[in-house]
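Look at the structure first, then read the points below.

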Amino acid sequence: MSTLVRTILLVGVLTLLLPVNGPTATASDQIRITVDHVQPGAPITVGLPFPKGELQSPEHMRVLTSDGTPIPSQITPVTSWAPADSSLKWVWVFFFATDGDSYQLEYGPNVQRAPIMGDRLRVKNNQRPYGHTEITTGPLRLRIEKGSGGSFLEEVFFDAEGDGFEADDRMATEPDGRGSYLDLLDAAGLDSSRATVTQTYKEKGSGPLHAILRIEGTYHYSRDDNNSAPFVTRIHAYAGKPYLRVLHTLTYTGDPDQHPPLDGQHAQIATSAENVVNEDSLAGDPRWTIPNDRIAAAGLSLDYDLSGPLTVRTSYQQGTWWAPDEPQIYERPISAENEFSLIQTGPDSASVPTGPNSSPTERIDDFSARILSDDTEQVDATRAAGWIDVVGDERGVGVGIRHFTEAYPKEITLSIDSQRVDAELWSGSARPMSFARWSSEEDGGMVGNFAQGLTKTTEYVYRFHEAETDLADVRRSLNYVLDPAVAHAPPSWYTKSRVYGRMAPHSDEYATFERGMDYKFRWWRFNQQWEPWYGAFTYGDGKNYYFGGTWYEYSNNEPAEDFMWWQQFMRTGERKYALTGQAMSRHTMDVDNTHWPAGTDYRGDTNSALDWWHAKADTTGSPYVGMGRRHGNQHWTAMLSAHVWVAGWLASYYLDGYHRGLEVAEKTGDYYRRRIFGKHGLTGRRLYLSVWNLVELYDATKDPQIREELDARVNRMLQLQREQGGSLIIDRYGYAQVYVAQGLGKYYQLTGDSAVRDALIRHARWVRDNPPLNHEMESYLSSISTLLKGYQLSGDDSLYRTAYDRAQALRTDSLTLSMTDTTSQQTFFEALNAVDRLPRSREHPDRRPIWSLTNGLRIFGWTHAYNVPSLMYWLERKAPPK
């Protein structure tokens with residue numbers, strides 16, 4: 001063997017022996033990940049998009065610290081660019097934060113992920129009729145029972161010594177059938193629930209570092225007049241960690257008021273022409289406003305197994321609820337007491353709309369955080385941090401509820417003798433939650449009540465620890481959920497990926513356009529904390545119109561208001577936008593949608609063939625499941641056949657790893673496929689909006705049934721365009737231009753369909769020559785989106801010039817107001833009015849227009865939110881027209 005050959009072989013052997021985490025053999029790419037509000041050890045999930053053709057597999061990716069040190073990570077492919085391309089479009093990157101806020105995601109053909117050393121998650125999921133699930137994280141072992149004995153955590157063991165799980169490591173058990181509860185109150189009295197777990201399975205995103213277990217169950221009641229109610233609990237467990245994140249979703253199935261069931265249908269949502277009620281005949285009946293089934297209490301419960309005398313620790317804040325003082329620690333031993341409680345209340349939220357609200361010059365001041373021992377007040381403060389830690393002589397358990405103040409009334413109670421801790425998403429000490437109407441008059445053109453079937457998701461955290469564990473360490477773990485970090489890539493990464501088409505990162509280069517976006521979002525967030533738009537079934541939403549110092553109409557998400565926040569988060573990387581979008585998405589998918597009765601969902605996890613036939617024969621489902629609520633004075637008094645937006649829910653799924661976003665969007669997809677409104681559902685804005693919703697859902701799922709429905713609706717839009725002189729939209733719905741740009745634009749991006757491309761160009765030329773003015777500025781400015789889409793596809797400069805000309809109304813002068821804790825709503829309102837250049841209404845020149853800067857987000861979607869980001873993209877690449 002020659003020397004040269006021996007040298008080549010030696011080099012090859014040495015290469016194979018190099019550590020897999022060393023430098024890669026070929027060039028790799030990196031994405032900077034910034035973790036805002038980082039805390040050491042925090043579990044981080046960040047959703048990242050990739051340009052078409054950039055990433056073929058999640059296998060050759062790893063996470064590095066700022067100094068280039070690889071750390072363990074878990075990568076989950078979420079969706080691809082199919083059918084346009086097989087490459088990945090979104091991935092979830094999971095890792096545990098170190099001491100810094102800066103990380104790198106490195107990817108390339110020879111990149112090798114850091115090996116996972118030490119504890120790995122183990123999940124055993126026995127789905128036999130009376131099986132169980134067992135999750136082991138290293139220090140924790142959890143057991144979830146299936147059947148009538150289970151509803152939450154049957155047992156929790158904590159191996160603090162690291163010598164294996166033994167009988168004396170048991171830390172908590174579930175109260176039989178009451179680990180999860182939703183208790184109702186009506187004229188017959190309290191009806192306490194008992195729960196049963198029916199299904200458990202692992203969700204997407206589960207792996208060696210992070211596992212997500214979905215638990216499905218049912219609440220049962222003792223009286224026949226109370227319907228059983230489904231619930232879903234998702235438990236997030238982490239390798240080597242002694243804490244759990246829990247997301248619990250309940251469904252309200254009660255009769256909200258004492259009005260008898262309607263014998264007929266509402267005209268706006270009629271599924272046939274038969275037996276349609278007269279709304280005037282329903283108005284004025286006081287029974288609409290008298291509650292029937294109210295929520296008396298709801299939450300999660302565990303019996304702790306702690307030895308010796310107990311000590312309770314918690315935290316509270318004095319001062320004002322909007323500018324509280326620094327947190328104060330409360331700690332005391334518990335000896336002779338029977339009960340210890342932490343309770344957060346606020347302005348009466350037992351019905352919606354809440355009242356009273358703040359005035360334009362003075363905030364309401366009805367928030368209270370109380371610490372009680374045997375009903376004796378120990379502390380009277382303003383805000384509770386939302387956690388308590390119970391410590392025995394060897395071990396302790398901390399539990400917290402997120403948004404404890406914002407989504408009041410909340411309560412955490414320790415019953416001393418039983419060591420039972422109830423963490424209540426609706427406090428049993430508060431007035432029961434009523435879903436009766438606020439008025440018996442028309443709201444949104446209807447006199448009805450559609451509260452039955454709404455849901456509510458609450459986020460919990462549990463931390464198990466040794467008695468001597470420093471409280472700062474316990475609080476840090478609790479704050480991973482209560483005050484979470486937000487991770488993101490540079491704004492340019494999201495925009496260059498083009499997963500949401502052509503938009504630009506936020507920039508000061510054309511500040512006169514960006515200011516309108518900045519100020520509106522600032523105004524909305526200000527009012528959320530001024531009015532306040534708080535409460536368990538309100539937080540996340542806001543109102544539409546501000547007239548005479550008063551806000552009117554909850555938005556109920558029109559037009560995809562939650563997506564506006566996610567879009568601004570991607571364009572800026574600012575944590576505040578992500579947190580606001582998160583809250584709005586969760587509210588709108590839960591409270592502003594119909595979830596029950598959904599009928600039987602057959603999964604095939606039993607051996608009996610008869611189960612399939614029973615499921616197939618089940619006709620108990622509501623036709624309205626997956627359909628949204630109309631904007632109104634309450635969230636559940638009116639519905640429309642075209643009032644649901646899934647884009648923001650799916651953005652929360654991609655960016656935040658929030659599984660429920662996809663789950664609820666799929667309900668909307670099924671609603672479209674059922675076509676319950678016949679041809680009515682295939683016309684007007686119902687058609688245009690459905691295409692946007694369905695293309696977003698198809699992009700997330702690649703479901704061929706969704707694709708079939710989507711194709712049929714796209715073809716119908718193109719057919720109607722030929723009958724409408726070139727316009728894709730009838731004049732009645734000029735503001736729906738943004739639905740066309742978003743829906744057909746993404747459809748073309750995914751399919752490359754030349755007929756859709758040509759249709760978008762024809763439509764852009766139509767709106768250039770025939771400016772839509774049917775809703776004045778909201779239609780006129782909405783056309784900017786379709787003009788720019790037409791310019792993108794055709795290169796026709798006249799479309800760009802026209803879009804730019806129309807956008808001049810969006811310019812906003814510089815705001816000189818210096819915001820402080822004492823700035824009033826009236827002061828802010830006057831300052832915004834002074835910089836607003838939007839034109840007055842020609843039809844109502846004496847009235848402040850509904851598209852003004854000082855109203856809510858509803859009209860803003862059609863004027864600014866879906867136009868400015870795209871306009872900025874083209875202005876960065878092409879000089880403004882002269």
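What follows covers the cavities and the residues that line them.

This is a predicted model. The structure holds 4 cavities of 30 Å³ or more.

**The largest cavity**

- A total of 35 residues line the largest cavity.
- Nearest its centre lie P43, I44, T45, R245 and D656.
- Strand β2, which spans residues 43-49, gives the largest share of this lining. That share is 5 residues.
- By class, the lining of the largest cavity has 20 nonpolar residues, 10 polar residues and 5 charged residues.

**The second largest cavity**

- The lining of the second largest cavity is made up of 16 residues.
- H403, K456, T457, Y539 and R586 are the lining residues nearest its centre.
- Two or more lining residues come from each of β29 (455-466) and α7 (575-590).
- The most comes from α7, which gives 5 residues to the lining of the second largest cavity.
- The lining of the second largest cavity divides into 5 nonpolar, 5 polar and 6 charged residues.

**Points to find in the structure**

- Which element gives the most to the lining of the second largest cavity? Find α7.

Methods:
Residues are numbered from 1 along each chain as its sequence is written. This is a predicted model: local features need pLDDT of at least 70, side-chain atom pairs count only at pLDDT 80 or more; totals for chains, interfaces and linings use all residues. Side-chain values use heavy atoms; hydrogens and water are left out. On a 1 Å grid over the protein atoms alone, a cavity is a set of points where a 1.4 Å probe fits but cannot get out, and a pocket is an open set with protein on both sides within 12 Å along at least five of seven lines; lining residues have an atom within 4 Å of a point. Grid points are joined across faces, edges and corners, and a volume is the space filled by probe spheres set on the points. Helices (H or I, at least four residues) and strands (E, at least two) are DSSP runs, numbered from the N terminus. Ala, Val, Leu, Ile, Met, Phe, Trp, Tyr, Cys and Pro count as nonpolar, Asp, Glu, Lys and Arg as charged, and the others, Gly among them, as polar.
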